[in-house]
Amino acid sequence: MELVGRVGFAAVDDTGRTALHSAAEAGQMAVLTVLLERATAASAARKLLEVRSAAGRTALLDSCASGQQAAVAVLLEAGAAPSAVDARGRCALHCLSEASGAESDGRVEMYGRVLKSLREGGALRGLLATADADGYTPLACAAGAGLGRCCPYCVDPPYSSLPWQLPPY
């Protein structure tokens, strides 16, 4: 914790990642909490939540990709933008499908949290139809990752007839 205080909560490494990215990806909740508290005290929480790595990922996208359910919840509560997309056009819903080591029920719950945030922010409809750089929608990624229980949440009547293919997960 001392190192965080000396270096600063918004310092970035050579890949553009902050300590918040690393803590979110690893599920280090104590570090994540301290960083968010310090950023809030400095009126910089929103800016810290929006920092993007060289790959265009926010801390929320990193926590989704690594299946860190508690980190996803804390970041969403702190105001992380669930509609952010990385350099490959992947949103939080795409990234949740990458969490191969994450337990399936936990990913379904995370999908629910992210979908609720997207719906409340008015961004859900646009992201459901958004394909990433490889041409995969969140629905295709969820199906390809074996998250069949998430698929009904990714289908909205206007989008149900879109052609899609299974990603190679």
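The legends below describe an overview and close-up views of a predicted model.

**Figure 1. Overall fold of the chain, which has 10 helices and zero strands.** Read along the sequence, the pattern is α-α-α-α-α-α-α-α-α-α. The chain has 169 residues, and 46% of them count as buried. The accessible surface comes to about 8,100 Å². Carbon and sulfur atoms account for 53% of that surface. Of the contacts between residues at least 6 apart in sequence, 69% join residues at least 24 apart.

Figure 2. His21 has a relative accessible area of 0%, and because buried means under 20%, His21 is classed as buried. The side chain of His21 reaches the backbone nitrogen of Thr18 at 3.0 Å. With neighbours within four places in sequence left aside, His21 is in contact with Gly16, Val51, Arg52, Ser53, Arg57, Thr58, Ala59 and Asp62.

**Figure 3. Packing of helix α3 against helix α6.** Two packed helices are described by the angle between their axes and the distance between the axes. Here α3 covers residues 29-41 and α6 covers residues 69-78. Their axes come within 10 Å and cross at roughly 10°. Angles under 35 degrees count as roughly parallel, and α3 and α6 are therefore roughly parallel to each other. On the α3 side, the contact is made by Met29, Leu32 and Leu36. On the α6 side, Ala70, Ala71, Val74, Leu75 and Ala78 take part. By class, this contact of α3 with α6 has eight nonpolar residues, no polar residues and no charged residues.

**Figure 4. Buried residues of α6 and the residue after the helix.** Ala71, Val72, Ala73, Leu75 and Leu76 are buried in α6. Among them, Ala71 and Leu75 also belong to the contact with α3. Gly79 follows α6, and the phi of Gly79 is positive, near 110°.

**Figure 5. Glu109 in helix α8 and its separation from Cys150.** Helix α8 runs over residues 104-120 and holds Glu109. Is Glu109 buried or partly exposed? The relative accessible area of Glu109 is 40%. Partly exposed covers values between the 20% limit for buried and the 50% limit for exposed, so Glu109 is partly exposed. Glu109 and Cys150 are 41 residues apart along the chain, and their C-alpha atoms are separated by 9.1 Å.

Terms used
Residues are numbered from 1 along each chain as its sequence is written. This is a predicted model: local features need pLDDT of at least 70, side-chain atom pairs count only at pLDDT 80 or more; totals for chains, interfaces and linings use all residues. Side-chain values use heavy atoms; hydrogens and water are left out. Helices (H or I, at least four residues) and strands (E, at least two) are DSSP runs, numbered from the N terminus. Buried means under 20% relative accessible area, exposed over 50%, partly exposed in between (1.4 Å probe, protein chains only). Contact means heavy atoms within 4.5 Å. Accessible areas come from the Shrake-Rupley method with a 1.4 Å probe; for residues, only the protein chains shown count as cover. A polar contact is a pair of N or O atoms within 3.5 Å; within protein, one must be able to donate a hydrogen and the other to accept it, and residues adjacent in sequence count only if both atoms are side-chain atoms. Axes are lines fitted to C-alpha atoms, for helices over the stretch in contact, and angles run from 0 to 180 degrees between N-to-C directions. Angles under 35 degrees count as roughly parallel, over 145 as roughly antiparallel, 65 to 115 as roughly perpendicular and the rest as oblique. Ala, Val, Leu, Ile, Met, Phe, Trp, Tyr, Cys and Pro count as nonpolar, Asp, Glu, Lys and Arg as charged, and the others, Gly among them, as polar.
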